[in-house]
Amino acid sequence: DTGRLLRDHLTHGGTLLAEGAHGAMLDVSAGTFPFVTSSTCTSAGVAAGLHISPRALDGSLVVLKAYTTRVGAGPFPTELSDATGEFLRKRGNEYGTSTGRPRRTGWFDAVVARTAVELSGAAAVAITKLDVLDDLAEIPVCVGYRLDGREVSDMPPLVEDVERLEPVYETLPGWRAKTTAATRDEDLPPAAHRYVRFLEERIGAPAVFVSTGP
């Protein structure tokens, strides 16, 4: 009975670190149904999944790539079905861990990222694979959508509407320099700093980790 084990552990002053592998848009309730998984992928699912009280949860960190990926079918407003998308796939080694299936790739979607932060009540984020963008001259970021000619700032609740979204981009300059070996914030090129700060502003949470490599 792992629930009993974990509750006893917490009662006696122990701590827990829980990790979830699914993106927020695959959440069975909050995601792009029916293109979802069978569980709750936000921090709300942690307590139910581990059989502990939700009051035991005192912090949440949302992990984001510096661009966007999706596995399998479903709406993907910023998807790149061109040479740039293939570049991101190969550079980021975006293939399924167990299946080897190619992941779909696209520009960073700040609306999805902000939604993930809100759903999990995250005080901070981690931004991974920054170096995948090293060679790009310009980097668009999705900051909103258009639906039937009108601007919308949130993901619509109906998947049929999500499939018709047109992304609204703000384009940032690339840094055209290697960040792979960077281990300190001050090692990043100024344009890479600006990119990270821009993402922080748009998603409403600071990046306490920035990582490179697979």
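## The β6–β7 hairpin

β6 and β7 make a hairpin with two residues between them, and in that turn aspartate 148 has a positive phi of about 55°. The elements here are DSSP runs, numbered from the N terminus: helices are H or I with at least four residues, strands are E with at least two. Strands count as paired if DSSP finds at least two bridges between them. β6 and strand β7 (residues 150–152) pair in the antiparallel sense over three bridges, with arginine 146 standing opposite glutamate 151 in β7.

A word on ground rules: this is a predicted model, where local features need pLDDT of at least 70 and side-chain atom pairs count only at pLDDT 80 or more, while totals for chains, interfaces and linings use all residues. Numbering runs from 1 along each chain as its sequence is written, and side-chain values use heavy atoms, with hydrogens and water left out.

## The rest of β6

β6 has other partners too. Eight bridges join it to β8, and those two strands run antiparallel. On another pairing, strand β4 (residues 108–109) goes with β6 in the parallel sense, over two bridges.

Cysteine 142 is a handy landmark in β6: it stands opposite tyrosine 169 in β8 and is also the bridge partner of aspartate 109. It counts as buried because its relative accessibility is 0% (buried means under 20% relative accessible area, exposed over 50%, partly exposed in between, with a 1.4 Å probe and protein chains only). β6 as a whole is mostly covered, with eight of its 10 residues buried. Elsewhere, cysteine 41 is at 17% relative accessibility, so it counts as buried. Don't go looking for disulfides, though: the structure holds zero (a disulfide being a pair of cysteine sulfur atoms within 2.5 Å).

## β1 and its two faces

In a regular strand the side chains alternate between the two faces of the sheet. Five bridges join β1 to β5, and the two run parallel. Lysine 65 sits opposite threonine 128 in β5.

## The nonpolar core

The largest nonpolar core has 45 residues, and Phe108, Val125, Leu130, Leu133, Val141, Trp175 and Tyr195 touch the most other members. A core here is a set of buried Ala, Val, Leu, Ile, Met, Phe, Trp, Tyr and Cys residues joined through side-chain atoms within 4.5 Å. Two or more residues come from each of β1 (61–65), α4 (110–120), β5 (124–128), β6 (138–147), β8 (166–173) and α6 (190–203). α6 gives the most, with seven residues.

Leucine 133 is worth a click. Leaving aside neighbours within four places in sequence, leucine 133 is in contact with Ala66, Tyr67, Leu88, Ile139, Trp175 and Tyr195 (contact means heavy atoms within 4.5 Å).

## From β8 to α6

The loop between β8 and α6 holds proline 189. With 14% relative accessibility, proline 189 counts as buried. Beyond its neighbours within four places in sequence, proline 189 is in contact with Trp175, Ala177 and Thr179. Proline 189 and threonine 179 are 10 residues apart along the chain, and their C-alpha atoms are separated by 7.7 Å.

Arginine 176 is found in that loop between β8 and α6 as well, but it counts as exposed because its relative accessibility is 55%.

Most residues other than glycine have a negative phi, and most peptide bonds are trans. Arginine 176 has a positive phi, near 45°. Histidine 51 has one near 65°; this residue lies in the loop between α2 and β1 and is partly exposed, with a relative accessible area of 48%. The peptide bond from phenylalanine 33 to proline 34 is cis, with omega near 10°, and proline 34 is in the loop between α1 and α2 (44–50).
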